[in-house]
Amino acid sequence: MIFSGEFHPFRLPVPDLWLDVFQKIKSMGFTGVSFYVDWGLVEGNPGHISTDGIWSLEQFFDAATQAGIYLIARPGPYINAETTAGGIPGWVLRKNATIRSDDPEYLNTTVHYMATMGRIIEKAQITHGGPVILVQPENEYASWPGVTDFPSSMNQRYMDFVEKQLLDAGITVPLIVNDNLAKGYWAPGSGLGAVDIYGIDSYPLRYDCESHPL
């Protein structure tokens, strides 16, 4: 069983502290850590991706390995994570394109970022002796109240495109999904865009703390 915490290196951009954080997570009984990469921070200018210094993930991976922590990589391109625009760069938002869709204008903006992140994560997979055991394409790419035709063929094409970028970069560990409700979206065998392992974001109290005892 993977008992995973959550730690985002971009929220603590001090690589020398990462091992300490992982060790504390390990001491609490966790076996894994899920992490996002914020596209908007590493590709602030189109075509220029920062992967060194505080943006390098190599020390992050090394620290996880030293602490005995498995990693679940979540590079997006959309991550939510309570970040501005879900991590989508401002220069992408200024384009006349529908984000998180199969609009070629949007898809083309993701290619360089996803290929770069895919290559970096590929080297850190457990199959190469690294700590990465799972990779999540997109984030909560699911239905919303009032939306009745999800997933449409457009949604399926988009999800498949994101997954293919990771596979083309050499990702071989299982792809996972975090459905925001238990709807079975992208579950294995569900068609184009399906992943290897299905999961849901299960909040026992959802977002209502008023009518539940603390």
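## The largest pocket

By class, 13 nonpolar, 7 polar and 8 charged residues make up the lining of the largest pocket. Here Ala, Val, Leu, Ile, Met, Phe, Trp, Tyr, Cys and Pro count as nonpolar, Asp, Glu, Lys and Arg as charged, and the others, Gly among them, as polar. This is a predicted model, where local features need pLDDT of at least 70 and side-chain atom pairs count only at pLDDT 80 or more, while totals for chains, interfaces and linings use all residues. Residues are numbered from 1 along each chain as its sequence is written, and side-chain values use heavy atoms, with hydrogens and water left out.

How much space lies in the largest pocket? About 610 Å³. Of its 28 lining residues, Asn80, Asn139, Glu140, Trp144 and Asn180 are the closest to the centre. A pocket, on a 1 Å grid over the protein atoms alone, is an open set of points where a 1.4 Å probe fits, with protein on both sides within 12 Å along at least five of seven lines; lining residues have an atom within 4 Å of a point. Grid points are joined across faces, edges and corners, and the volume is the space filled by probe spheres set on the points.

## The second largest pocket

Strands (E, at least two residues) and helices (H or I, at least four) are DSSP runs, numbered from the N terminus.

Strand β6 supplies the largest share of that lining, with 4 residues. Sorted by class, the lining has 8 nonpolar, 6 polar and 3 charged residues.

Most residues other than glycine have a negative phi, and most peptide bonds are trans. Gly76 and Pro77 are joined by a cis peptide bond, with omega about 15°, and Pro77 lies in the loop between β3 and α4 (90–93). Another cis bond joins Phe150 and Pro151, with omega about -5°; Pro151 sits in the loop between β4 and α6 (153–168).

Ala85 isn't a glycine, yet has a positive phi of about 55°. Glu138 isn't one either, and its phi is about 60°. Is Glu138 buried or exposed? Glu138 counts as buried (under 20% relative accessible area, with a 1.4 Å probe and protein chains only), because its relative accessibility is 1%.

How values were computed:
Buried < 20%, exposed > 50% of the residue type's maximum accessible area, 1.4 Å probe, protein only.
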